[in-house]
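Hi everyone, thanks for coming. Let's have a look at the structure on the screen and walk through a few parts of it together.

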Amino acid sequence: MISTMECAVDAQSLISISLMKIHNSRTQRGGIKLHKNLLVSYVLRNARQVYIKEKYAEIYRMQQYEEVMTVCNEIQELNPLDLEAEDAEDEEQARAACCAEEASACGSPCHRGAAHCRAAGTVAGCSLLEDGCKEPEPSYYRSCCMEAPPAPLCEQCPANSSAHCNKTTVLDLDTHVVTTVENGYLHQDCCCDALQCGQSAQSPAKKRKVEFGCCASDAEEAHDFTAARKRAKREDCSYSAPDYTDTSNISNLISIFGSGFSGLLSRQADLEQICSKQALASLGAWTRAIVAF
Amino acid sequence: MMFKSAAAESSNKQKSDIISTVEFNSSGELLATGDKGGRVVVFQREQESKSQPQRRGEYNVYSTFQSHEPEFDYLKSLEIEEKINKIKWLPQQNAAYFLLSTNDKTVKLWKISERDKRPEGYNLKDEDGRIRDPSTITSLRVPVLQPMDLMVEATARRVFSNAHTYHINSISVNSDLQTFISTDDLRINLWNLEITDRSFNIVDIKPANMEELTEVITSAEFHPQECNTFAYSSSKGSIRLCDMRQAALCDKHCKYFEEPEDPSTRSFFSEIISSISDVKFSHSGRYLMTRDYLTVKVWDLQMENKPLETYQVHDYLRGKLCSLYENDCIFDKFECVWNGSDSVIMTGSYNNFFRMFDRNTKRDVTLEASRENSKPRAILKPRKVCVGGKRRKDEISVDSLDFSKKILHTTWHPHENIIAVAATNNLYIFQDKVN
């Protein structure tokens with residue numbers, strides 16, 4: 001039965017669910033269903049695209065915020081009372097700072113003057129960039145400078161970046177144990193919690209061993225899948241980690257699939273460069289295993 | 001057209017009893033069902049009798065046999081399911097009936113024949129079958145055929161195996177009655193019904209590098225009259241029509257049917273809901289019908305760029321796609337079927353609902369296959385799903401739909417208005433009301 005609550009059509013949760021489906025399909029009776037896995041990979045690709053867009057916008061906003069903070073601090077030092085004069089000067093920079101892919105974040109669409117801003121926006125697929133900029137209130141810019149820019153799509157609060165936690169979740173395909181490394185501490189987590197993470201705000205610090213009862217690991221000796229018996233990175237749910245700002249782990253995961261299903265992707269080489277620097281060769285085997293027969 | 005229920009077969013709630021395919025034969029006299037346990041059950045229509053006109057045309061069990069058994073592929077360490085994916089009848093040419101049944105890997109030709117006489121009076125063995133000592137035989141006699149109780153026996157006449165690496169999703173008998181095709185995710189093979197150790201590969205869409213795979217074949221069917229023409233549907237929502245006379249390998253299509261995607265409806269699940277789950281030629285051979293997750297489309301073979309007609313089966317599910325993805329319902333493969341005159345099309349939905357669309361009057365109806373509504377000779381009442389706002393008394397709201405009760409397989413009698421609907425373990429047969 002479908003619950004009356006509309007489930008969160010969130011890129012992260014879809015990625016988790018899709019990965020779970022792909023993993024479960026390996027142990028299904030009758031062998032891997034190529035058609036179903038192909039469709040799941042399409043959902044994964046779509047979720048990945050949205051996720052990368054969001055993350056990139058987040059990174060961009062962070063960078064701009066820091067720049068604006070620096071500028072604002074300098075302004076405040078110079079002349080804390082004379083705001084009108086400075087606003088005109090800093091309008092260009094402030095506009096660039098406030099300019100983000102989501103107009104709702106800034107409150108109004110901003111016209112980007114800076115070339116890098118436009119380039120980033122284009123890559124991120126922001127169509128609002130064409131709109132003319134409304135004249136924002138001076139006090140608006142001040143609020144932009146003083147406070148962290150609101151991030152309606154990303155729950156993370158960039159202002160607390162100093163307290164960010166670095167999380168990596170690893171699923172061992174041999175022992176079927178999910179391990180979460182958080183801030184250097186080791187946790188054993190439950191994969192299945194990924195679906196419920198959205199509802200419970202607990203941090204994933206539970207120590208539970210995952211029992212994949214249906215996994216017939218002995219039967220899975222097909223040589224195609226020996227390559228898959230490596231540690232696979234898995235995106236843990238970040239709902240419970242509001243301070244999470246390290247994008248490299250998520251980006252790496254997304255880049256894994258980027259290399260594995262190159263036929264599905266449009267050429268997004270520039271996004272790939274921005275988001276991922278990690279070598280993909282060793283992890284590509286995991287994705288190849290999905291379609292290898 | 002109002003339907004009343006004529007018969008309902010049921011079995012215990014076992015997973016192996018889930019019906020996985022239903023098919024009338026070309027005369028409509030026989031109805032075959034296949035299930036997840038590898039069994040085939042054939043029903044036969046009762047002869048009309050003057051003395052009991054009210055029992056006109058009820059279907060009774062005619063033959064039951066185990067078609068496929070579970071197998072194990074030792075090379076790949078994979079279990080091969082015994083579930084019957086498709087049954088296709090051959091047109092009747094003599095007293096016996098022939099059908100093709102297939103699981104994921106193997107197609108079998110079954111002969112179903114009646115035996116109502118048996119020979120008696122053998123010389124070398126007695127009536128119990130024990131061999132007699134030849135030295136005790138003093139005279140010879142000619143065995144005589146004596147009547148016996150009718151026995152229907154099914155024998156496997158051909159086994160077509162080892163031709164498919166991927167899972168077979170459909171089979172189709174050619175109008176030449178000599179060949180048939182079997183289709184898996186990436187390949188279509190052409191067989192001769194007489195030859196089991198050889199088949200011809202006529203379509204192969206496997207890319208050189210599997211990582212570049214973007215679509216799979218979901219169904220294929222021969223044209224009902226043109227023995228050289230067949231069509232196959234893909235997971236990308238397109239249909240290709242191929243002519244076997246063009247080349248040995250039909251990688252180049254003659255016609256390509258695809259409707260451009262509406263960008264305003266784009267979502268995470270656009271690719272899934274556009275995947276075609278079934279393709280059927282009309283009896284006339286002029287049209288094609290395709291079923292994707294939310295719609296049924298009728299295509300004119302002469303027009304490739306868009307369908308002739310599009311019917312919404314359950315558009316109210318569009319807002320529920322995320323949940324349906326989570327519980328795997330979005331991967332359900334619904335079939336669709338034409339009536340004998342190609343004027344009405346039918347397909348299944350959830351909550352044991354099935355839908356009929358009249359192509360001429362543009363009217364549609366939603367009916368339910370359930371025990372409560374299907375007392376024998378009861379008229380089926382149209383059902384309605386309430387999409388939003390105030391729910392009327394007889395309506396059912398979208399959130400109350402039971403998604404575990406799905407009607408994936410339906411079939412329509414080739415000449416009359418009799419339909420068979422498979423609802424999980426149960427088979428429902430409905431007939432048009434007779435005044």
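Let's begin with a cysteine: B:Cys386 has a relative accessibility of 6%, so B:Cys386 counts as buried. Please keep in mind that what you see is a predicted model.

Now find B:Cys250. Is B:Cys250 buried or exposed? With 3% relative accessibility, B:Cys250 is buried. And how far is the sulfur of B:Cys250 from the closest cysteine sulfur? That neighbour sits in B:Cys242, and the distance is 5.5 Å. A disulfide calls for two cysteine sulfur atoms within 2.5 Å, so the sulfurs of B:Cys250 and B:Cys242 are too far apart for a bond. Across all chains, the number of disulfides found this way is zero.

Let's stay in chain B and turn to a sheet. Four strands of chain B make up an open sheet, running S20-S21-S22-S23, and they pair in the antiparallel sense. Which strands form the edges? They are S20, residues 278-281, and S23, residues 309-312, each pairing on one side only. On average, neighbouring strands in this sheet are turned by 15° against each other, ignoring direction.

Zoom in on S22 of chain B, residues 295-300: its antiparallel pairing with S23 of chain B runs over four bridges. One bridge to look for joins B:Lys297 to B:Thr310 in S23 of chain B.

Finally, chain A. It holds eleven helices and four strands. Of the 293 residues in chain A, 52% are buried. The accessible surface of chain A is about 13,800 Å², and carbon and sulfur atoms contribute 55% of that surface.

Notes. Residues numbered from 1 in each chain as written. Chains lettered and ligands numbered in written order. Predicted model: local features only at pLDDT ≥ 70, side-chain atom pairs only at ≥ 80, totals over all residues. Heavy atoms only, no water. Pairing = 2+ DSSP bridges. Helix = DSSP H or I, 4+ residues; strand = E, 2+ residues; numbered from the N terminus. Axes fitted to C-alpha atoms, helices over the stretch in contact; angles between N-to-C directions. Buried < 20%, exposed > 50% of the residue type's maximum accessible area, 1.4 Å probe, protein only. Areas by Shrake-Rupley, 256 points an atom, 1.4 Å probe, with all protein chains shown as cover.
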